[in-house]
Amino acid sequence: MSERYIYHPKGTCSTEMIFDIEDHKVKNLEVVHGCNGNLKGIASLVQGMDVDEVIKRLDGITCGMKPTSCPDQIAKGLEAWKEQH
């Protein structure tokens, strides 16, 4: 059974990230606002991937002059989920 986790990113155009996680894998990811096509692509790529692998691949990615990005915030959201488990 999957668990739904909602994260509110900081410093990005996206305003909400909704994760469905099952057996420590991202079953589904929906991102509200932000760069629609890019985020749909990222959500598709991380589907079925282990949470730790997603964090490893996306953590620290920046967007222009910003110190963070939507991919980085996806990693931060998954880290926050892990802290609760």
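Biologist: Where is Thr-68 found?
Modeller: In the loop between α2 and α3. Bear in mind that this is a predicted model.

Biologist: Is Thr-68 buried or exposed?
Modeller: Buried. The relative accessible area of Thr-68 is 8%, and under 20% counts as buried.

Biologist: Which side chain does the side chain of Thr-68 make a polar contact with?
Modeller: That of Asp-72, at 2.6 Å.

Biologist: And what does Thr-68 touch, not counting residues up to four places away in sequence?
Modeller: Lys-10, Gly-11 and Thr-12, then Ile-61, Thr-62 and Cys-63, and also Gln-73.

Biologist: Back to Asp-72. Which residue forms a salt bridge with Asp-72?
Modeller: Lys-76 does. The closest N and O atoms are 3.2 Å apart. Both residues sit in helix α3, four residues apart, so about one helical turn separates them.

Biologist: Are Lys-76 and Asp-72 buried or exposed?
Modeller: Lys-76 is partly exposed, with a relative accessible area of 28%. Asp-72 is buried, at 4%. Salt bridges with shared partners also join Asp-59, Asp-72 and Lys-76 into one network.

Biologist: How many salt bridges does the structure hold?
Modeller: Six. One of them pairs the side chains of Asp-20 and Arg-4, at 2.9 Å from N to O.

Biologist: Which strands does that pair link?
Modeller: Asp-20 is in strand β2 and Arg-4 in strand β1. They are 16 residues apart, so to a reader of the sequence these are distant parts of the chain.

Biologist: Buried or exposed, for Asp-20 and Arg-4?
Modeller: One of each. Asp-20 counts as buried at 11% relative accessibility, whereas Arg-4 counts as exposed at 52%.

Biologist: What about Lys-82? Which side chain does it meet in a salt bridge?
Modeller: Asp-52, with 2.5 Å from N to O. That pair links helix α3, residues 70-83, to helix α2, residues 51-58. Lys-82 and Asp-52 are 30 residues apart. Lys-82 counts as partly exposed at 35% relative accessibility. Asp-52 also counts as partly exposed, at 34%.

Biologist: Switching to rings. How many aromatic pairs does the count come to?
Modeller: One. The rings are those of Tyr-5 and Phe-19, with centres 6.5 Å apart.

Biologist: Why is the pair called tilted?
Modeller: The planes are at 35 degrees. Under 30 would count as stacked and over 60 as edge-to-face, so this pair is tilted.

Biologist: Which strands hold Tyr-5 and Phe-19?
Modeller: Tyr-5 lies in β1, residues 3-7, and Phe-19 in β2, residues 16-22. The pair therefore ties together parts that are 14 residues apart in sequence. Tyr-5 is buried, with a relative accessible area of 11%. Phe-19 is buried at 0%.

Biologist: Now the core. Which residues touch the most other members of the largest nonpolar core?
Modeller: Met-17, Phe-19, Leu-29, Val-54, Ile-74 and Leu-78. That core has 23 residues. At least two come from each of β1, β2, β3, α1, α2 and α3. The largest share is from α3, with six residues.

Biologist: What is Leu-78 in contact with, leaving aside neighbours within four places in sequence?
Modeller: Phe-19, Ile-21 and Val-26, plus Val-51, Val-54 and Ile-55.

Biologist: Last topic, α1. Which residues of α1 are buried?
Modeller: Leu-39, Ile-42, Ala-43 and Val-46. Down the axis of α1 they fall within an arc of 100 degrees, so they line one face of the helix.

Biologist: What do the buried residues of α1 pack against?
Modeller: β3, α2 and α3.

Biologist: And which exposed residues does the face turned away carry?
Modeller: Gly-37, Lys-40 and Leu-45.

How values were computed
Residues numbered from 1 in each chain as written. Predicted model: local features only at pLDDT ≥ 70, side-chain atom pairs only at ≥ 80, totals over all residues. Heavy atoms only, no water. Phe/Tyr/Trp six-rings, centres within 6.5 Å; stacked < 30°, edge-to-face > 60°. Buried < 20%, exposed > 50% of the residue type's maximum accessible area, 1.4 Å probe, protein only. Salt bridge = Lys/Arg side-chain N within 4 Å of Asp/Glu carboxyl O. Polar contact = N/O pair within 3.5 Å; in protein donor to acceptor, adjacent residues only side chain to side chain. Contact = heavy atoms within 4.5 Å. Core = buried A, V, L, I, M, F, W, Y, C linked by side-chain atoms within 4.5 Å. Arc of directions from axis to C-beta.
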